Amino acid sequence: MLNSVQTTAPLFRDGFRVTKKHPLRIGLLGQFGIDNLGNEASLQAMLGLLKRKAPGARITCICTDPDWVSKTYGLDCIPIRAQGSGRIGNVAHAIRETKK
């Protein structure tokens, strides 16, 4: 469950501080960009919530069609599948990429 951001200070309930030097990084994993209305609506809803609750967060989308999602929503994206393979790629590697 996403911790709610307090409105008076950039502090999460678990005590993690978000600063300009260390912005909040959020990864959204899903089958986005495949022309599925439900998936796209879910992504739009999450982005709307994050815009309100975690402004300034660095959002990376790990998704099926990273080119389309990047162009459509202006997000940094990483493919959910390893290039040239039918298997799900190394998600841990993709998450580490968001730190760059």
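**Notebook: strands and helices**

I started with strand 2 (residues 58–63) and found 4 bridges joining strand 2 to strand 3, the two running parallel. Strands here are DSSP E runs of at least two residues, helices are H or I runs of at least four, and both are numbered from the N terminus. Two strands pair if DSSP finds at least two bridges between them. I looked up Thr60 too: its bridge partner in strand 3 is Asp76.

This is a predicted model, where local features need pLDDT of at least 70, side-chain atom pairs count only at pLDDT 80 or more, and totals for chains, interfaces and linings use all residues. Residues are numbered from 1 along each chain as its sequence is written, and side-chain values use heavy atoms, with hydrogens and water left out.

I see 3 strands in an open sheet, order 1-2-3, with parallel pairing. Strand 1 (25–30) and strand 3 (76–79) are at the edges with a single partner strand each, so one side of each has no neighbour in the sheet.

Then the helices. I found that helix 1 (residues 37–53) and helix 2 (residues 66–73) pack at about 45 degrees, axes 13 Å apart (axes are lines fitted to C-alpha atoms, for helices over the stretch in contact; angles run from 0 to 180 degrees between N-to-C directions). That makes helix 1 oblique to helix 2 (under 35 degrees is roughly parallel, over 145 roughly antiparallel, 65 to 115 roughly perpendicular, the rest oblique). Which residues make the contact? I noted Glu40, Leu43, Gln44 and Leu47 of helix 1, and Trp68, Val69 and Tyr73 of helix 2 (contact means heavy atoms within 4.5 Å).
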